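Reader: Hi! Could you walk me through this one while I have it on screen?

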Amino acid sequence: MRLSLTLTLTLILYFPSLAYCFLVKDQSNPNITYNGGPLLSDRSTIDLVIVWYGEFSNSQRKIVVDFLNSMKETSATPMSNYSVDSSPTVRQWWETTTLYKDHKGSCVAPHLKLVRQISNRYSLGRRLKAYDVQSIALQAMVKFSNHISLGVYIVFTSSQVVVENFCESKCATHATIQVSNVSVPYIWVGDSGTQCPGQCAWPFAIPEFMASHAPRKAPNDVGIDGLIINLATILAGVVTNPHGNAYYQGNPQVPLEIGTACTGIFGPGSYPGHPGTLLIDSSGSSYNAIGNNNRQFLLPSLWHPELRKCLTLLS
């Protein structure tokens, strides 16, 4: 399929950052460094445009929207939409990203704002290549071009959609597309609920080789809770390494970013195969953060630029 563009499309740039929601890797001494490139720091709010590709129920969409709305700017009392208990919040989790500065000393934008949502029911079929995901993101950029300079475009694929290398080597990615002389970031995240929950929704599902272990109970929906973990990991990466030349460790084509450097670490005392000590509610669900509408989430650790270590919300 070829798109008829009203915007000038030049080179598509692909800087893959892979999010694995899987066992804790042996990252004994991760060392995220700044490589001089820009961050998403030239704005106070990052506009988010979502493409729901495939079939998502209203309840699944609501889970994701509650997560994203937990980081929006609000004139209300900051904790007004959250539980009155002492649980950490999604907003507190996001604050770690705002500690990252560019060469001018400007910090990552403190707020996210969901501005548009689009439903796309299999316009390119149920089996997608990487370039198909790029095309879907590009369609959204063309349709809502007024958000290009301040936005991140997010493509979610439902559990019925098979994406190239999904489950085999990736759960989510971020990259950029050059449109009208602007390098526009986009994110792809898949719902692994029926395809590979043990790989992309751990610890809410267990891979076959760990069949003797019991999964943690998901607070919302196994596939969507896994999607949230991967979305959170990639969001942290896209704001601190949007063009592949800012904060990362290792090979810039397959970098360790501030989220992927801490894969599988969700609470204190984590080790390979164990997510760490988590909060557990009366129903037995595991989580470590409260978000919009008192929604519970399990969020990944992020590399803390000042403490120089992976920091969990429960540390």
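Reader: Where is arginine 308 found?
Author: Arginine 308 sits in the loop between strand 15 (302–304) and strand 16. Strands here are DSSP runs of E with at least two residues, helices are runs of H or I with at least four, and both are numbered from the N terminus. This is a predicted model, where local features need pLDDT of at least 70, side-chain atom pairs count only at pLDDT 80 or more, and totals for chains, interfaces and linings use all residues. Residues are numbered from 1 along each chain as its sequence is written, and side-chain values use heavy atoms, with hydrogens and water left out.

Reader: Thanks! What is the phi of arginine 308?
Author: Its phi is positive, about 60°, although arginine 308 is not a glycine. Most residues other than glycine have a negative phi.

Reader: Which residue other than glycine has a positive phi near 60°?
Author: Asparagine 294 has one, and its place is in the loop between strand 13 (289–290) and strand 14 (296–297).

Reader: What does cysteine 167 form a disulfide with?
Author: Its partner is cysteine 196, with the sulfur atoms 2.0 Å apart. The torsion about that S-S bond is about -70°, so the disulfide is left-handed. Cysteine 167 is in the loop between strand 7 (162–163) and strand 8 (172–179), while cysteine 196 is in the loop between strand 9 (182–190) and helix 4 (197–200), so the pair ties together parts 29 residues apart in sequence.

Reader: And cysteine 171, what does it pair with?
Author: Cysteine 171 forms a disulfide with cysteine 200, and the sulfur atoms are 2.0 Å apart. Cysteine 171 lies in the loop between strand 7 and strand 8 and cysteine 200 in helix 4, so this pair ties together parts 29 residues apart in sequence.

Reader: What is cysteine 262 joined to?
Author: A disulfide joins cysteine 262 to cysteine 310, with S to S at 2.1 Å. Cysteine 262 is in the loop between strand 10 (247–248) and strand 11 (279–280), and cysteine 310 is in strand 16 (residues 309–311), 48 residues apart. Both cysteine 262 and cysteine 310 are buried.

Reader: Nice. Where is there a cis peptide bond?
Author: Tryptophan 202 and proline 203 are joined by one, with omega about 15°. Proline 203 is in the loop between helix 4 and helix 5. Most peptide bonds are trans.

Reader: Last one, which residues in helix 1 meet helix 5?
Author: Gln60, Ile63, Val64, Phe67 and Leu68 in helix 1 meet residues of helix 5 including Leu227, Leu231 and Leu235, where contact means heavy atoms within 4.5 Å.

Reader: And how much of the chain is buried?
Author: Buried residues make up 57% of the 315 residues in the protein chain.

Terms used:
A disulfide is a pair of cysteine sulfur atoms within 2.5 Å. Buried means under 20% relative accessible area, exposed over 50%, partly exposed in between (1.4 Å probe, protein chains only).
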